[in-house]
Amino acid sequence: MIYLDNAATTPVRREVLEAMWPFLTGDFGNPSSHHALGDAAARSLASARAQLAEWFGARPAEVTFTSGGTEAINLAIKGIALGQPRGRHIVTTPIEHEATLESIDFLRRVHGFEVSTVPVDAVGRVDLDALAGQVRSDTTLVSVMAANNEIGTVQDTAEIGELVHAAGSVLHVDAVQAAGWLDVSLDALGADAVSISGHKLGAPKGVGALAARSRLVIEPLLHGGGQERGRRSGTENVAAAVGLAAAARLSSAGRAEASGRVAALRDDLIARVEAAVPIARLTGSREHRLPSIASFLFPGTSGEGVLLGLEERGVVSSSGSACAAGSDEPSPVLLALGVDPVDAQTAVRFSLSTATSAADVEAAASAAAEAVRALTQLR
Ligand code: PLP
């Protein structure tokens with residue numbers, strides 16, 4: 001099997017599992033317990049937090065471990081919006097992950113927030129002039145993703161951060177897809193808060209983190225024993241936190257080399273698909289693109305049919321959007337780019353990892369060509 005669905009999830013890296021193992025077995029203490037086992041767990045948690053803090057260019061107290069990207073994003077958006085007295089206005093984009101869009105919609109429905117959605121261009125880049133025009137004196141929060149999960153387009157969040165800060169507001173960046181490929185430190189992203197998820201970078205599912213400047217008042221989502229300095233109650237998942245820190249450490253050690261190598265494979269895949277499948281249309285930006293994502297439309301086919309054809313030929317990929325596969329609803333991300341709703345149903349996303357080889361890319365491009373040919377010949 002050639003696994004090209006790494007934007008959906010990745011396998012746990014061996015080194016990560018090895019780092020976690022002691023905390024699932026012998027060193028199983030509760031960090032809040034006042035005995036040697038508890039103290040050892042507390043020290044390991046503190047060390048994991050310090051490592052992640054370094055990754056984020058933040059202070060350890062600014063890192064909150066969560067149950068994943070979705071929870072980190074919920075905590076950032078609801079926590080910051082409800083914690084700040086500035087106002088009840090939020091700015092976002094139409095291509096955000098559901099975790100962002102639904103958190104913001106909750107604030108609109110239940111807390112009466114007003115929401116402004118900044119348009120994106122045909123490749124999914126945020127319109128900076130429009131953004132500057134939308135941020136107001138009562139804008140509590142702006143939330144923009146660093147890189148899109150369906151099309152791989154990367155935003156200039158540093159520039160967005162400058163605009164947002166000039167207007168006195170706060171920027172949250174969903175860096176779930178960017179982590180491991182781009183510098184996701186608060187400063188590099190121009191952000192006051194950054195969310196990440198473990199399972200996109202070789203840590204297990206169900207762990208993530210929010211880095212948020214300590215000057216921000218964050219209303220917690222989970223109330224209880226006051227762990228994570230009151231930002232997130234609940235006995236800490238020490239093993240998962242240690243695993244996330246290990247994954248972050250591993251990914252940052254080889255990031256520049258890995259990004260360059262995988263970007264070259266991605267470009268090779270794009271070139272091969274474009275050459276072998278004349279109807280293929282790349283979605284997203286060629287220039288501002290994650291190293292790991294190559295996404296296409298195959299107008300005149302069905303995305304689901306192409307995915308099945310690929311899988312029959314041993315290549316696992318995705319439509320890029322959980323709700324687009326097998327449903328009648330075209331992807332809202334592609335619609336926001338101005339893609340025709342019928343064409344939007346033909347989307348296929350290949351997402352690479354550091355384990356992807358040149359032979360995988362060659363095989364995937366041939367499989368895509370065969371799958372599309374088989375579907376178009378049926379007509
Ligand atoms: N944000 C983006 C851009 C994502 O791609 C995902 C997952 O696909 C999430 C947030 C949610 O992360 P998690 O699966 O850890 O809840």
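Modeller: Start with Thr-70. In this predicted model, an N or O atom in the side chain of Thr-70 is 2.6 Å from an oxygen atom of the ligand. Gly-69 uses its backbone instead: an N or O atom there lies 2.8 Å from a ligand oxygen. Then look at His-199. An N or O atom in the His-199 side chain is 2.9 Å from an oxygen atom of the ligand. How much of the ligand does the protein cover? On its own, the ligand has 390 Å² of accessible area, and the protein covers 85% of that.

Next, the space itself. The ligand sits in the largest pocket. That pocket holds about 640 Å³ of space. Its lining has 35 residues, and the closest to the pocket centre are Glu-96, His-97, Glu-98, Ala-99 and Asn-149. Which helix gives the most to this lining? H4 does, with four residues. H4 covers residues 98-111. H3 and helix H11 (332-336) also supply at least two lining residues each. By class, the lining divides into 14 nonpolar, 13 polar and eight charged residues.

Key. Residues numbered from 1 in each chain as written. Predicted model: local features only at pLDDT ≥ 70, side-chain atom pairs only at ≥ 80, totals over all residues. Heavy atoms only, no water. Polar contact = N/O pair within 3.5 Å; in protein donor to acceptor, adjacent residues only side chain to side chain. Areas by Shrake-Rupley, 256 points an atom, 1.4 Å probe, with all protein chains shown as cover. 1 Å grid on protein atoms, 1.4 Å probe; cavity = no way out; pocket = protein on both sides within 12 Å on 5 of 7 lines; lining within 4 Å. Sits in = over half its atoms within 2 Å of the grid points. Points joined across faces, edges and corners; volume = space filled by probe spheres on them. Nonpolar A, V, L, I, M, F, W, Y, C, P; charged D, E, K, R; others polar.
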